[in-house]
Amino acid sequence: MKSADLDEVDRRLVHALQIDGRAPFSRIAEVLDVSEQTAARRYRRLRTAGVLRVVGGVDGSRLGYVSWTIRLRCTPDAANPIAAALSRRPDTFWVHILSGGTEISCFTQARTDDESDALLLEKLPRTSRVLGIAAHSMLQGFTTPSGWPGLARLTTQQVERLRPELPPPDDGPVVLDAGDEALLRGLARDGRMGYGELAADTGWSESTVRRRIDHLRRAGVLRYQVEISPGALGFHAEARLWISVRPSALVPVANELSSHPEVNFAAATTGPTNLMAAVTCRNTRDLYRYLTERVGSLEAVHTLETAPVMRTVKRTGTVLLLRPDE
């Protein structure tokens, strides 16, 4: 689906779902000033076309998981099968083919040191077509509370009407049982899956499903995210940045980057560079201006490495079908 196929109602619907991925269509329709049937029909059309999906993502930091950002250099013929293999793993996210098809990047969350070792030290190096691996622990993420500004379409008043009313945050320890794991797997497939379907997946009652979803959201473990190809919104230049910043200025620079409308996500990392960022621009000309004028003007930045995203194989949820417009 081309960007021209998304009209203003579609774009406002996408923004509404970014604010609350499980908001009832009746509430979304009221805020957008359309009928409930229109809101539901628009979502189903975009969902069926593979353009839009709401998924439930897991913030592993609340569970004691260790997050890594991984870069692999590989032979040109290996990028697609290796990226596909990585995307099938339940612990990988944001799997991209970069730099003309000779590099892959992804995030992974490891529950234990053994899980990290299995991926980083055993499985990948045994693949002969992998020429090099760089793995950096993600120490701290930096995002804007309202999410990627590229989706913004609603007024401040509309955003506040849609913002979910959750109980106060629960900062206590979180322990997942088998039912929680099944619940999160279901939401990773479809964040708007009905309570009845989730009850069947977990073996719980619908009231228990509702209660556990509220608990996991309140604890910061479960976060709903909108998955949409930036190309469908008219953004055709994505890149991953690896930046070396003066240590004393790392947090101010990270906060500055995360406030830029071009930046989806930024994180402080270990390694020879100490900051990475995911950037989305309308075209390569805008990307050039962003790198030279916005990032280049930050005095604490020592070095900058840029790799364009050629293809996205997986985002937060389960594996995406490869689409010709991505």
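Okay, a definition to start: I call two strands paired if DSSP finds at least two bridges between them. Strands themselves are DSSP runs of E with at least two residues, helices are runs of H or I with at least four, and both are numbered from the N terminus.

Now the housekeeping. This is a predicted model, where local features need pLDDT of at least 70 and side-chain atom pairs count only at pLDDT 80 or more, while totals for chains, interfaces and linings use all residues. Residues are numbered from 1 along each chain as its sequence is written, and side-chain values use heavy atoms, with hydrogens and water left out.

Strands of a sheet pair through backbone hydrogen bonds, either parallel or antiparallel. Here eight strands close up in the order S2-S4-S3-S10-S7-S9-S8-S5, and the pairing is antiparallel. On average, neighbouring strands of this sheet are turned by 35 degrees against each other, direction ignored; the axes are lines fitted to C-alpha atoms, and angles run from 0 to 180 degrees between N-to-C directions.

Let's zoom in on S4, residues 103–110. How many of its residues are buried? Eight of the eight, so S4 is largely enclosed by the rest of the structure. By buried I mean under 20% relative accessible area; exposed is over 50% and partly exposed is in between, with a 1.4 Å probe and protein chains only. In a regular strand the side chains alternate between the two faces of the sheet. In S4, Glu 103, Ser 105, Phe 107 and Gln 109 point one way, Ile 104, Cys 106, Thr 108 and Ala 110 point the other, and all are buried.

S4 has S2 on one side, paired antiparallel over eight bridges, and Ser 67 has Gln 109 of S4 as its bridge partner. Also in S2 is Leu 72, which is buried at a relative accessible area of 1%.

Ile 97 shows both contacts: its bridge partner in S4 is Ile 104, and it stands opposite Arg 311 in S10.

While we're in S3, look at Trp 94. Its phi is near 50 degrees, positive in a residue other than glycine, and at 27% relative accessibility Trp 94 counts as partly exposed. Asp 33 has a positive phi too, near 60 degrees, but this one is in the loop between H2 and H3 and is exposed at 69%.

Last stop, the second largest pocket, at about 560 Å³. A pocket here is an open set of points on a 1 Å grid over the protein atoms alone, with protein on both sides within 12 Å along at least five of seven lines, and lining residues have an atom within 4 Å of a point. The volume is the space filled by probe spheres set on the points, which are joined across faces, edges and corners.

The lining has 26 residues, with Pro 90, Asp 91, Phe 93, Arg 111 and Arg 185 nearest the centre. Strands S1 and S3 and helix H7 are the elements giving two or more residues. Which of them gives the most? That's H7, with five.

Definitions and conventions: 1 Å grid on protein atoms, 1.4 Å probe; cavity = no way out; pocket = protein on both sides within 12 Å on 5 of 7 lines; lining within 4 Å.
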